[in-house]
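I opened my notebook to look up a few features of one structure. My entries follow.

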Amino acid sequence: MIAGLTAFAGLSAQKTHIVVKGDNPYNIAKRYGMTVDDLVKLNPSSKDGKVSIGDVLVINKSANNTAATPVKSTSTAAKLGKIILKPKQTIYGITKQFQISESELRALNPNLDSNMKIGDEVILPLVNIQKFGGDQQEVAVVTETVKPVVQAEPTKTSEVVVADENSYIVQSKDNYFKLARKFNLNQKELFALNPGLEEKGLQPGDVIQIKGNSAPTKTEPKATVVSQPTSTQTYSTTSVLDDYVTYTVQEGDTVFGLLNKFGITLDELLSLNQNLSQGLKSGMVLKIKKLETAYVKKSGDALNVVLMLPFGFDSGDSKYRNLSLDFLAGAKLAIERNVKSGKNLEIKVIDAGNEKSFKNSLTQINPANTDLIIGPFFKSSVLEVLDYVKASKIPVVAPFANSDDLLGHQNLIIIETNDYIYADRIVKEVKDAFSDQKIYIVADADQTYAKYLETNLKMNIKNANVVVVKSASDIQPDQNMMTGKPAPVIAVLANKSDDAGDSFGNRMIALSKEVDGLKSFSMYYSPIFEKKVDELSQSNLVYLMDRKIDTEGTFEKEILADYQKKYCKSPSKYAVIGFDVVNDMLSRENKKGEIFKQMNKVQTQLATKFEFEKTKTGAYVNKGYRVVRLIPN
């Protein structure tokens with residue numbers, strides 16, 4: 001659609017402007033020496049500040065064309081007002097509400113920073129306050145001489161903006177996919193050339209390296225696996241440091257918001273964090289509260305570990321026997337590795353039976369001489385174990401159970417990543433790739449996660465057109481209203497069944513042959529994603545998975561070789577899980593059994609990434625996962 005509009009604009013005698021990130025009617029009109037009313041008359045769709053990135057706006061014939069000449073900086077008298085900051089207001093929120101660019105906001109408020117506090121005054125153009133302030137009207141009016149922000153017409157994103165032969169200037173619509181195609185680089189190579197880029201992300205105006213000695217010369221596979229680099233929103237960004245629950249301050253945080261988030265008073269926060277007197281700054285690590293007394297080993301030198309697996313020998317229930325035997329095979333390999341490294345371990349394996357017979361297995365646990373319990377598998381059984389060891393606070397590891405009613409237990413470690421964490425990451429990925437496409441979400445019968453995605457996409461993306469469908473066959477290419485040709489869409493899979501994955505994968509392959517620029521995402525892994533890598537890469541597929549073995553890694557090669565030597569076969573899925581869970585937990589234990597002091601370490605085992613966060617209610621939850629991107633040639 002944008003291409004069609006651009007072609008149409010070229011036929012007009014009027015000058016045009018392409019809307020980029022940060023634009024609004026106020027700063028566009030000022031840039032071209034027009035009033036907002038004049039701009040709205042020429043472009044009725046821009047009324048009330050509603051312009052979207054990529055829109056082509058008609059500019060008055062007599063307006064200065066800043067695409068050729070930047071606006072000259074001149075001093076003019078302007079009527080300004082002040083607002084009082086409310087709770088949860090951020091720099092980003094102010095720019096959106098009052099339709100002003102961040103550069104203009106900072107020009108009016110040179111000392112403005114992310115440590116702004118409730119009650120602070122912020123200077124804004126009076127007309128913006130009156131028009132967009134709502135109940136937050138100005139508290140005082142000031143007349144000052146201010147310099148307009150100097151802005152040149154941005155370079156169109158279709159052009160390659162090169163600073164020199166080895167570098168490139170990041171544009172507002174750039175993303176990793178575009179750069180990979182533009183410069184024949186994969187994401188790993190881009191990060192290797194630009195240390196710190198993975199954490200910072202692509203910022204318009206930054207100069208990045210696109211060539212250099214550090215770029216690998218070999219051709220990487222199209223399916224590129226990268227670890228999840230950012231925190232998600234489902235759980236607080238907390239960890240443990242020196243017997244305290246700590247929190248790393250994020251951009252946009254306020255003291256008021258933190259008090260509400262953690263249910264503490266300002267006095268309590270200040271007493272633990274003397275450096276707060278200098279203001280709240282992004283990246284600060286704050287102590288939130290003292291940890292409750294955790295488990296400490298009572299006696300003996302050996303760590304006594306119990307594995308509770310549902311073999312079902314005593315109950316005559318063999319439903320989960322093979323799964324348990326595979327899990328135990330991987331666990332044994334992990335135990336042997338830790339013994340070789342010097343750990344003194346006493347291991348007891350208990351048949352946890354099934355959910356009905358589970359109570360009988362509890363009597364085999366000695367709370368006075370047990371330092372760690374790994375298992376059982378089922379939520380109801382985990383709850384019974386937690387109740388049984390409540391007085392002794394023995395750490396309990398749940399390999400598969402994960403639900404809200406488990407989160408209130410301080411001595412529980414949950415391994416399985418919650419699906420809402422996957423959903424939050426998909427929202428971020430779609431937001432980064434979005435440029436006015438229609439968004440389809442393929443739901444399962446329950447639609448819980450599809451509705452969650454829909455709500456959050458609409459909250460995070462302005463004017464998002466989101467449609468929830470029951471089948472991938474319902475996904476249709478959009479239509480360019482000017483040319484009548486198919487236009488790309490964004491498709492998201494929120495159904496974990498393999499059949500849904502097959503249907504989604506095949507539909508993406510078919511659509512990618514009809515239209516260029518298709519973007520597809522999946523909350524879950526499906527076997528078709530690995531079977532048809534080349535075809536699905538044409539739809540720029542990004543999917544999430546909890547486990548992925550890097551077969552080229554030194555550690556991974558060693559473990560796979562050891563397993564092959566011990567069992568004369570490759571490890572099954574549950575053998576891998578058994579190794580990963582047991583090896584990760586044992587590597588965090590010290591001689592006193594103080595496993596919780598090491599929970600802040602991010603570790604990757606054979607296939608699983610472990611990145612634990614302590615929830616507000618107590619339990620430790622793993623939020624680690626892998627992001628797989630299929631990048632087309």
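Entry 1: Is strand β10 largely enclosed by the rest of the structure or left open, and why? First I noted that I am working with a predicted model. Then I checked residues 244-248, which make up β10. I found 4 of the 5 buried, so the strand is largely enclosed by the rest of the structure. Buried here means under 20% relative accessible area.

Next I looked for its partner. I found strand β11, residues 285-290, joined to β10 by 5 bridges. The two strands run antiparallel.

Entry 2: How much space lies in the second largest pocket? I read about 1,000 Å³. I counted 33 residues in its lining, and the closest to its centre are E416, D546, R547, K573 and I577. I sorted the lining by class and got 20 nonpolar, 4 polar and 9 charged residues.

Then I asked which elements supply the lining. I found that α15 (419-433), β23 (542-545) and α21 (573-588) each give at least two residues. Helix α21 gives the most, with 4 residues.

Among the buried ones I listed D419, Y422, R425 and E429. I also listed I421, I426 and V427 among them.

I then checked the N-terminal end of α15. N418 caps it. A side-chain oxygen of N418 lies 2.7 Å from the backbone nitrogen of Y420.

**Entry 3: backbone details in loops.** Which residues does a cis peptide bond join? I found G375 and P376, with omega about 0 degrees. I placed P376 in the loop between β14 (372-374) and α14 (379-388).

I looked at phi next. Q99 has a phi near 55 degrees, a positive value in a residue other than glycine. I found Q99 in the loop between α4 (91-97) and α5 (102-108). Its relative accessibility is 15%, so Q99 counts as buried.

K393 also has a positive phi, near 55 degrees. I located K393 in the loop between α14 and β15 (396-398). At 34% relative accessibility, K393 counts as partly exposed.

Terms used. Residues are numbered from 1 along each chain as its sequence is written. This is a predicted model: local features need pLDDT of at least 70, side-chain atom pairs count only at pLDDT 80 or more; totals for chains, interfaces and linings use all residues. Side-chain values use heavy atoms; hydrogens and water are left out. Buried means under 20% relative accessible area, exposed over 50%, partly exposed in between (1.4 Å probe, protein chains only). Two strands pair if DSSP finds at least two bridges between them. On a 1 Å grid over the protein atoms alone, a cavity is a set of points where a 1.4 Å probe fits but cannot get out, and a pocket is an open set with protein on both sides within 12 Å along at least five of seven lines; lining residues have an atom within 4 Å of a point. Grid points are joined across faces, edges and corners, and a volume is the space filled by probe spheres set on the points. Ala, Val, Leu, Ile, Met, Phe, Trp, Tyr, Cys and Pro count as nonpolar, Asp, Glu, Lys and Arg as charged, and the others, Gly among them, as polar. A polar contact is a pair of N or O atoms within 3.5 Å; within protein, one must be able to donate a hydrogen and the other to accept it, and residues adjacent in sequence count only if both atoms are side-chain atoms.
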